[in-house]
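Subject: Structure for you to look at

Hello,

Here is the structure I said I would pass on. Please open it first, then read the notes below with it on screen.

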Protein chains: 2
Amino acid sequence: MTINEYMPLRDVVFHTLRRAILMGELEPGERLMELQLTEKLGVSRTPIREAIRKLELEGLVVMVPRKGAAVAKITEKDLLDVLEVRCSLEELAVELACERISEEALQLLENSMKEFQESLSSGKDITAIAEKDVQFHDIIFEATGNRRLIQMVSNLQEQMYRYRIEHLKNPDTYPQILQEHEEILACLVKRERETARAAIRRHITNQVEEVRRTIQD
Amino acid sequence: MTINEYMPLRDVVFHTLRRAILMGELEPGERLMELQLTEKLGVSRTPIREAIRKLELEGLVVMVPRKGAAVAKITEKDLLDVLEVRCSLEELAVELACERISEEALQLLENSMKEFQESLSSGKDITAIAEKDVQFHDIIFEATGNRRLIQMVSNLQEQMYRYRIEHLKNPDTYPQILQEHEEILACLVKRERETARAAIRRHITNQVEEVRRTIQD
DNA sequence: AAAGTGGAAATTCTTAACCGTTTTCCGGGA
DNA sequence: TCCCGGAAAACGGTTAAGAATTTCCACTTT
């Protein structure tokens, strides 16, 4: 990413802060002070303020008038709300993909699944596993050809990154996740909308349960 | 809205520009130049730039590096993409509402529908009609209790405001729209998830057709 | 006359300094 | 201990200025 392109400082700051928040390096509730970030990032206030505006609209930071920005706190309800929406959009995505996915994309999907399987069994680090998991879903989203859908759902996905990682820390769930991916792929190959929908719903529902359990610690 | 609250200038600018874009006062492709807006809105560049950052993230304006902001152009595909997602989220909303809507909210919904009907038959201006239509759907969204869903779908709704207006300019569709609303309300009263889902899907699908026709002029 | 070119003007992007307002916080007094 | 008052900190906004880039027009060249 960002190898050749010119990128305004505000976008560099935006992506830096965004990543830091999603990775948990900035804790929920932590204040984002302009002068402090000025020093830490080596840029002036303007790009920082503009980056914060974007994070604000995305819901990753909350503004308190005349007090400043703070990393948004996420309640259990927030997470369940996100998952409810994400489930619905994933259902839509897999239905659309059933109709629109190309043979090449199906091949990609199969490869992606194998790689996912390998990274699971070979005990790679969690982030690598998560990467592959995301990739599998991303191929399905891309196959819908709906830019808006892709953008919205990948955003929701990112907002749950921390919890998705927690979910993947429990190796007991690997066989199930893998089997669910296989089911979904099979449905896509056979272009069976309804079964695909049911399969992805189960897949997400299980995630919900896992996240629920994780949170209650 | 915004009666009692303190609101930063940047948010005033944001809402002003947003409204102007959605209302069609700023045409797609039109450039948003900082100095020009500075004069027109009577504020300095800082709040304007911050407002533009938010509009950028929302997709209402597109940035060309070192060239500036311009009102985003909307293609037919964009619209259909939005409607595809919106349909899915409306389905989710009505399903959730079936389970969660309170008796008071059902009353509100019934009243809202009557007002909608009155504004249709009394030949009110289009914006008043659109207002009531939006209100009807908003009550359903609120009944889901899912803040994220409410935020996302109302955003999608707003992005289509211009085309929704076009849709409502054709009085021939009024009886059908009204009947569809009645169906949806009836399903909610009886708490029938599946029929409600089907009803709202028909409702949106009809809108899609209408928008399609509108665009092809 | 058409096309390419040079350069001035306009615009963005970023830094910097400044001021009013509000919040935070600390220390001193009742 | 609790309250209060003022200094410090931080935000919100304005202004100015300069580098980088794009735009556009007039001028030159073929």
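Please keep in mind that this is a predicted model.

**DNA strand D**

The residues of the surface near DNA strand D divide into eight nonpolar, three polar and seven charged. There are 18 residues around DNA strand D, and those that come nearest are A:Gly68, B:Pro8, B:Leu9, B:Ser44 and B:Thr46. Which helices supply at least two residues each of this surface? They are helix H2 (34–41) of chain A, and helix H1 (9–22) and helix H3 (45–58) of chain B. H3(B) gives the largest share, three residues.

**DNA strand C**

Around DNA strand C there are 17 residues, of which A:Leu9, A:Ser44, A:Thr46, B:Met33 and B:Gly68 come nearest. At least two residues of the surface near DNA strand C come from each of helix H1 (9–22) of chain A, helix H3 (45–58) of chain A and helix H2 (34–41) of chain B. By class, the surface near DNA strand C holds eight nonpolar, three polar and six charged residues.

**How the two chains are related**

Two copies of a chain are related by a rotation about an axis and a shift along it. Here, chain B is superposed on chain A by a rotation of 180 degrees with 0.1 Å of shift along the axis, and the RMSD is 0.2 Å. That is the relation of a two-fold axis. The same surface serves both copies, since 100% of the contact residues of chain B recur in chain A.

**Where the chains touch**

How many residues of chain B are in contact with chain A? The count is 21 residues of chain B, in contact with 21 residues of chain A. On the side of chain B that touches chain A, H3, helix H4 (76–100) and helix H7 (147–159) of chain B each supply at least two residues. The largest share of that side, seven residues, comes from H4(B). By class, the side of chain B that touches chain A has 10 nonpolar, two polar and nine charged residues.

**Domains of chain A**

The domain assignment of chain A gives domain 1 as residues 9–71 and domain 2 as residues 76–215. The C-alpha centres of domain 1 and domain 2 of chain A lie 29 Å apart.

**The sheet in chain A**

Chain A has an open sheet of three strands in the order S1-S3-S2, with antiparallel pairing. Which strands stand at the edges? Strand S1 (31–32) and strand S2 (61–64) of chain A do; each has a single partner strand, so one side of each is left without a neighbour in the sheet.

You can follow the pairing residue by residue. S1(A) and S3(A) pair in the antiparallel sense over two bridges, and the bridge partner of A:Arg31 in S3(A) is A:Ala70. S2(A) pairs with strand S3 (residues 68–71) of chain A over four bridges, again in the antiparallel sense. In S3(A), A:Ala70 is the bridge partner of A:Val62. H3(A) packs on this sheet and touches S1, S2 and S3 of chain A; the direction of H3(A) makes about 105 degrees with that of S2(A). Another bridge joins A:Met63 to A:Ala69 in S3(A). The hairpin of S2(A) and S3(A) has three residues between the strands, and in this hairpin A:Arg66 takes a positive phi near 60 degrees.

**The sheet in chain B**

In chain B, three strands form an open sheet in the order S1-S3-S2, and the pairing is antiparallel. S1 and S2 of chain B stand at the edges with a single partner strand each, so one side of each is left without a neighbour in the sheet.

Strand S1 (residues 31–32) of chain B pairs with strand S3 (residues 68–71) of chain B over two bridges, and B:Leu32 stands opposite B:Ala69 in S3(B). Strand S2 (residues 61–64) of chain B pairs with S3(B) over four bridges. The bridge partner of B:Val64 in S3(B) is B:Gly68. In the hairpin of S2(B) and S3(B), with three residues between the strands, B:Arg66 takes a positive phi near 60 degrees.

Regards

Technical notes. Residues numbered from 1 in each chain as written. Chains lettered and ligands numbered in written order. Predicted model: local features only at pLDDT ≥ 70, side-chain atom pairs only at ≥ 80, totals over all residues. Domains from an automatic or database assignment. Near = placed C-beta within 6 Å. Nonpolar A, V, L, I, M, F, W, Y, C, P; charged D, E, K, R; others polar. Pairing = 2+ DSSP bridges. Contact = placed C-beta atoms within 7 Å. Axes fitted to C-alpha atoms, helices over the stretch in contact; angles between N-to-C directions. Least-squares fit on C-alpha atoms with pLDDT ≥ 70 in both.
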